[in-house]
Amino acid sequence: MRKHPLAQMLVIGTIASILGVILALAIDWFPPQGSASARDIDTLYDVLMIVSVPIFVLVMTVAIYSVVKFRARPGDQSDGAPIHGNTKLEVVWVTIPFLIVSALAFYGWVVLDDIERPQPNTMVVDVTGQQFAWSFEYPQPGGAEPVQSNELVLPVNRPVDFNIQALDVIHSFWVPAFRLKSDAVPGIETTYRVTPDVEGTYDVVCAELCGLGHATMRQSVRVVPEEEFTSWLAQRKEEAAPAAGAAQGTGPDEGAAPSGEDQQAPPSDQPEAGTEGASSGGSEPVG
Ligand SMILES: [Cu+2]
C-alpha cells in the first residue's frame, strides 16, 4: 500500500529537518566567547539556525520531491493542468513566514537593546583606525593627559564604551571574541559597548578593506584582572611622562611620537609598503 505523497513528503522533511538541525548545532561556528554579549549573540544565531534549517528543508523537500515525482514521462507531450492559484494556500504561506520573521526581528531587537543598555562604572576607550594599525587612548579623570597605547588592554568584568574614529579611510573595528563590530569612519565617531568577562588574549581585526596593508591590520586585546590593568595603566603613564618631558626640550614633534609607538608597533616595512601602494594605486579613499 502506497502512502499519500503529502505524508511521504512530511516524513522525509521531518527526518531531514531533525538531521539538519543536529548537524547545524554540532558544527562549532564561533570563535571563543569573551563577553556576555557573545553568549547572547551565539544563542540568537543558534535560534536562527533552528528556525531556518526546517524552512530550507521544507522548501527543498517539496521542490526535489515534485521534480522527481511529477516529471514528464518519456513521450508525454501533454500540458499540465491549468491552475489559477489557491487563495487559502497563499494566505497560509504569507501569514506563517510573516509571523516567524516578525518574532525573530523582535527577539533580535531585544538582544540588541540588552547589549546596548548603558551600564554603571563604564570605562571609555577611544579607538583610532589608520592605515594600517589601531591605536587606543584611555581618557583620564580630571583633565589629565589621556594614556595612549598601541595595545588594547581591558579589565575583566568592566563595561567598556569604545568611541571609534578613523584618520584616513573607512576601517571596521572588530573583536571576534566580543562578537561586536563597528565601522570607523573619517569625520564621525561611532561607538559600541561591551563587557569583556573572560580573561585572555583575543584578536582585534580590521574588517573593512582599507588598502593594500588591510590584511596586516591585526592586533590583540588582553583582558586582564582589574589590578593588572591598573598597574599596566600606571606603567604606561610613567613611560609617557619622560617622553613628554623630553618634548619640552627638543620640540613637540619629536617628543610626541614615541609614546604611542614604542609598544607593539607593526613591522615598519608593512605600513610603508601599504601606504605607497595605496596612494600610487589611487584607491586610498575607497576604504
Ligand atoms: Cu582594513
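## Close-up views of a predicted model

**Figure 1. Pro155 touches Val224, Glu226 and Phe229, leaving aside residues up to four places away in sequence.** Welcome to this structure, which is a predicted model. Our opening view looks at Pro155, a residue of strand β4 (residues 152-155). One of its contacts, Phe229, is 74 residues away from Pro155 in sequence, yet the two C-alpha atoms are 5.5 Å apart in space. Is Pro155 buried, exposed or partly exposed? With 19 other C-beta atoms within 10 Å, Pro155 counts as partly exposed, because a buried residue needs 20 or more.

**Figure 2. Five strands form an open sheet with mixed pairing.** To find your way across the sheet, follow the order β3-β2-β1-β5-β8. Which strands stand at the edges? They are β3 (147-149) and β8 (190-194); each has a single partner strand, so one side of each is left without a neighbour in the sheet. On average, neighbouring strands here are turned by 25 degrees against each other, direction ignored.

**Figure 3. Strand β2 (residues 133-138) pairs with β3 in the antiparallel sense.** Three bridges join this pair of strands. For a landmark, look for Phe136, which stands opposite Ser149 in β3.

**Figure 4. Helix α1 (residues 5-26) packs against helix α2 (residues 36-69).** The angle between these helices is about 145 degrees, and their axes are 8 Å apart. Their crossing is right-handed. On the α1 side, the contact includes Met9, Ile12, Gly13, Ala16 and Val21, while the residues from α2 include Met49, Ile50, Val53, Pro54 and Tyr65. What kinds of residue make up this contact? It divides into 15 nonpolar, four polar and two charged residues.

**Figure 5. Helix α2 also meets helix α3 (residues 87-116), with axes that come within 10 Å.** The axes of α2 and α3 cross at roughly 175 degrees. Angles over 145 degrees count as roughly antiparallel, and α2 and α3 are therefore roughly antiparallel to each other. Look along α2 for its contact residues, Ser37, Asp40, Ile41, Leu44, Val47, Leu48 and Val51. Their counterparts in α3 are Ile100, Leu104, Tyr107, Gly108, Val111, Asp114 and Ile115. By class, the contact of α2 with α3 holds ten nonpolar, two polar and two charged residues.

Key. Residues are numbered from 1 along each chain as its sequence is written. This is a predicted model: local features need pLDDT of at least 70, side-chain atom pairs count only at pLDDT 80 or more; totals for chains, interfaces and linings use all residues. Two strands pair if DSSP finds at least two bridges between them. Helices (H or I, at least four residues) and strands (E, at least two) are DSSP runs, numbered from the N terminus. Axes are lines fitted to C-alpha atoms, for helices over the stretch in contact, and angles run from 0 to 180 degrees between N-to-C directions. A crossing is left-handed if the near helix is turned anticlockwise from the far one by less than a right angle, and right-handed if clockwise. Two residues are in contact if their C-beta atoms, placed from the backbone, lie within 7 Å. Ala, Val, Leu, Ile, Met, Phe, Trp, Tyr, Cys and Pro count as nonpolar, Asp, Glu, Lys and Arg as charged, and the others, Gly among them, as polar. A residue is buried if 20 or more other C-beta atoms lie within 10 Å of its own, exposed if 12 or fewer, and partly exposed in between; C-beta atoms are placed from the backbone. Angles under 35 degrees count as roughly parallel, over 145 as roughly antiparallel, 65 to 115 as roughly perpendicular and the rest as oblique.
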